[in-house]
Amino acid sequence: MGGRPGGQPSCVAGPGRPPYPDRRAAGRVLAAALAGGTGGQDAVVLGLPRGGVPVAAEVAAALGAPLDVLIVRKLGLPGRPELAMGAVAAVGDEVRTVLNEHVLARAGVDDATLAGVRERELAELRRREAAYRGDRAPVPVTGRVAVLVDDGLATGATVRAAVAAVRRSAPSRVVVAVPVGSAEAVRDVGAEVDALVCPWVPEPFLAVGRAYVDFGQTGDGEVRRALGG
């Protein structure tokens with residue numbers, strides 16, 4: 001893997017490969033791609049709920065690293081919630097917002113509308129944080145290799161918010177690891193982190209869910225079980 005921001009992402013395009021059976025199978029493939037490149041005991045694996053946590057659990061088990069969550073909420077465009085106009089993420093008391101200026105400009109979203117969506121998603125972020133972690137303190141990230149794991153990378157908005165949030169905790173390196181991603185998002189996110197690992201960059205990229213046979217919704221209970229709750 002690369003060792004500096006803006007380095008060449010470690011990605012292998014596999015246009016003819018079959019989809020992953022499920023998120024845990026994808027996590028095992030991702031763990032093999034990550035092996036030996038995270039500093040071993042210095043790593044902490046941060047899964048992005050909900051779908052990224054089953055992937056991250058396999059990665060953490062393979063690396064012998066602690067697992068925690070880094071909760072990110074997409075700021076969906078009003079009327080088109082699947083389209084991200086940004087994302088919000090939090091590590092402890094630090095809250096970071098990343099905006100998709102292109103979407104905001106094209107949709108003509110005003111400041112009041114954006115603020116309302118952000119406040120609603122921030123409230124849900126805090127609810128999920130309490131539900132998943134309970135009274136357990138976050139795993140310390142300072143001075144360690146932070147490995148951010150999601151089940152895929154489409155626009156990159158949520159992962160970019162997670163990267164911005166985790167950097168406030170001063171990790172030694174930030175690594176993003178996803179089983180599948182679009183070429184554009186891999187390039188853009190890869191420019192902001194120390195390394196990016198993505199075993200599959202389909203061309204054309206249609207959707208993250210198309211990379212899985214079973215892409216069923218991950219429930220809160222599954223997240224808590226993965227975290228040992």
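Mentor: L67 lies in strand β3, residues 67-69. Strands here are DSSP runs of E with at least two residues, helices are runs of H or I with at least four, and both are numbered from the N terminus. This is a predicted model, where local features need pLDDT of at least 70, side-chain atom pairs count only at pLDDT 80 or more, and totals for chains, interfaces and linings use all residues. Residues are numbered from 1 along each chain as its sequence is written, and side-chain values use heavy atoms, with hydrogens and water left out.

Trainee: Is L67 buried or exposed?
Mentor: L67 is buried, because its relative accessible area is 18%. Buried means under 20%, exposed over 50%, and partly exposed in between, with a 1.4 Å probe and protein chains only.

Trainee: What does L67 touch?
Mentor: Apart from neighbours within four places in sequence, L67 is in contact with V45, G47, A56, A57, A60, V139, A226 and L227. Contact means heavy atoms within 4.5 Å. Take V139: L67 and V139 are 72 residues apart in sequence, but their C-alpha atoms are 7.7 Å apart in space.

Trainee: What about the whole protein, how many helices and strands?
Mentor: There are seven helices and nine strands. Of the 229 residues, 50% count as buried. Among contacts between residues at least 6 apart in sequence, 70% join residues at least 24 apart.

Trainee: Which residues touch the most other members in the largest nonpolar core?
Mentor: L30, L34, V45, M85, V147, V149 and Y212, out of 45 residues in that core. The largest share of this core, seven residues, comes from α2. A nonpolar core is a set of buried Ala, Val, Leu, Ile, Met, Phe, Trp, Tyr and Cys residues joined through side-chain atoms within 4.5 Å. A second, separate core has 29 residues, including V72, V186, V189 and L196.

Trainee: Changing topic. Where does R50 lie?
Mentor: R50 lies in the loop between β2 (43-47) and α2 (52-63). R50 counts as buried because its relative accessibility is 19%. A polar atom of the R50 side chain lies 3.3 Å from the backbone oxygen of T218. Not counting residues up to four places away in sequence, R50 also touches R128, Y132 and V223, among others.

Trainee: And the pockets? What is the volume of the largest pocket?
Mentor: About 1000 Å³. On a 1 Å grid over the protein atoms alone, a pocket is an open set of points where a 1.4 Å probe fits, with protein on both sides within 12 Å along at least five of seven lines; lining residues have an atom within 4 Å of a point. Volume is the space filled by probe spheres set on the points, which are joined across faces, edges and corners.

Trainee: Which residues lie nearest its centre?
Mentor: K74, E82, D150, D151 and T158, from a lining of 38 residues in the largest pocket. β4 (72-77), β5 (80-91), α4 (111-133) and α5 (157-167) each supply at least two residues of that lining.

Trainee: How much space lies in the second largest pocket?
Mentor: About 270 Å³. Its lining includes L99, N100, R160 and E192. α6 gives the largest share of the lining of the second largest pocket, three residues.

Key
Polar contact = N/O pair within 3.5 Å; in protein donor to acceptor, adjacent residues only side chain to side chain.
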